[in-house]
Amino acid sequence: MLRQVEGSRAVAEAVALCRPEVISAYPISPQTHIVEHLSDLVRTGDLDPCEYLMVESEFAAMSAAIGASATGARTYTATASQGLLYMVEALYNASGLGLPIVMTIANRAIGAPINIWNDHSDSMSQRDSGWIQLYAESNQEAVDMHIQAFQIAERVSLPVMVCMDGFILTHAYEEVDIPDQEAVDQFVPSFEPRQVLDPAQPVTIGAMVGPEAFFEVKYLAHAKQMEALDVIPEVAQRFAIDFGRPSGGLVRRYRTEGAETIIVALGSVLGTIESVVDELREAGVGVGALGIKSFRPFPLEEVREALTGACRVVVLEKALAVGRGGIVSTDVHEALHGTHVRCNTVVAGLGGRSITRESLRDLFERAGRDELGPLGFLDLKTDLVERELERAHGGTPSGPHEQNILNDIGVVAAGPH
Amino acid sequence: MTSPPRGRAEMFQVRIHGRGGQGVVTAAELLSLAAFAEGRHAQAFPTFGSERTGAPVTSFCRVDDSPIRIREPIAEPDALVIQDPTLLHQVDVFSGLATDGYVLLNSSRDFEELGLETLHDDRPASRALTIPATEIAREVIGRPLPNAVLLGGFAALTGLISMESLAGAIGEKFGGSVAEKNIAAASRAHDRVRDAIGEPARA
């Protein structure tokens, strides 16, 4: 049914429709509304049978999820930012053990400086954790991706992160078609685990493996992610047939045919980009967009195919690999290896900095004139940076950067007012 | 004579300013629920600052006849709702407002008394109003919560949504006596604004 609903609530309902048997979570902004609503559904008996574990930390949340999943229970959790970092050790265990846990990441920046707003630093930091990573463009897609995620996870026996932009999506009220239980039951079959901890038939999960076999077990995780490159589009295709709308998959092309410049991005910024693409196309400018829906596994072939016709590609990244630059663009570069397509990286939107149509228009224009360097920073206030660098190099102790810059712009309390 | 709102056929963008605890975020959500109930596309979202009671909070609502894809904050609103007049000294609330844009300010004083008479320079008097929303809320709801009251006034001022849809949205969000009281307070503001501008905006 089509409803006007908060993104977090829509996702909570979608997760409940998939009948998780164990949810273990610890609240952190901007993910809290999701697990709050799920705990309500468990309390009222609307989600039953399901055990909701209110644990003491994110590390415990993931550890409990690992235990639950190993006993064959369909398991869900959600987190963001520092919460995800606090889980890291357990994250690698979940993927290494091949446990099909589904987790929502309400994408948020990582401190310091402390910041609760959106960017992709949190999930990008776990790029190599062995989890499948899907990125939703809208709340509708977030709902649909969660329904697909359980099936993808269980078919390849790997955990899946569904990443949705914190606040921008989680706290947005917009229309979302939430499927009915019957349709979801048909789409998401009951969980048949590949391995089960069962006192009646004891097995060891997580045995110590030495140099004689570690490499092979690790490689299997990679092989399963490569398998997921087939499974993800299959599941998306079936979803489109069952529910009548395209959602998820590996990539989404938007007016890339005949485009000289294509922007590559992940998540909710794609909507804004697409609207700018429409404007520019109407003015006769050959631009397009490519949304990467599955970042891990990375669909090298699909990305290459979508981009090879372009003259240049701009990878818009909501995370910064400090000391290097882009993260997604490294993969896009590899996808374009051997072609003549030029590839620029632009870091944008860190810590909740708005990515506006005005800035995107300007970006497309500069890209079209080949004015972009290999690495750029959208709407970075360079004057503030230069002033602080000057202070830092001034010889006297200059104090904390964040306080100096806040003083320079005259902000007494953080936040866009 | 009020010209019809520009809400039909093109996107209409509302920015709401208030303080933590005044229901700023809820107001934008209610607006989107009411617009959705009228068969339109709507998107409401907040810009949280530090999440503290009393801190300045801004929320946004877009309404359109086509699906809404853009996600940037609203820099050039067609209408402003200001839930707390003390923000005028702290936040550039009028930033980017269309020259003929709507303004609804929570105050028992008029714009002249507030030193904001220039608001009427470029726009018809019926596009910028103050209403004593906190007083109405205190009286009808029993608590100084101005958000639903202002939305009642906003419905009459702009015609973007009807009072009926707003009442439906408040009922959907709250239910029970909280909804009833808020609907009553919103209706009072609605009637008051309608009387002030001389006719219902959506005749």
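First, the ground rules. This is a predicted model: local features need pLDDT of at least 70, side-chain atom pairs count only at pLDDT 80 or more, and totals for chains, interfaces and linings use all residues. Residues are numbered from 1 along each chain as its sequence is written, while chains are lettered from A and ligands numbered from 1 in the order in which they are written.

Start with helix H1 of chain B, residues 24-37. Helices here are DSSP runs of H or I, at least four residues, and strands are runs of E, at least two, numbered from the N terminus. H1(B) has 14 residues and should span 20 Å, at 1.5 Å a residue. That expected span is 1.5 Å times one less than the number of residues. The end C-alpha atoms are 20 Å apart, which agrees.

Is H1(B) enclosed or open? It is largely enclosed by the rest of the structure, because 13 of its 14 residues are buried. Buried means 20 or more other C-beta atoms within 10 Å of the residue's own; exposed means 12 or fewer; partly exposed lies in between; C-beta atoms are placed from the backbone. After H1(B) comes B:Gly39, with a positive phi near 80°.

Now the two chains. On chain A, 23 residues contact 22 residues of chain B. Contact means C-beta atoms, placed from the backbone, within 7 Å. On chain A's side, strand S8 (173-177) and helix H10 (269-282) each give two or more residues. H10(A) gives the largest share, five residues.

Last, B:Ser162. It sits in the loop between H4 (147-158) and H5 (163-173) of chain B. With 17 C-beta neighbours inside 10 Å, B:Ser162 counts as partly exposed.

How values were computed. Contact = placed C-beta atoms within 7 Å.
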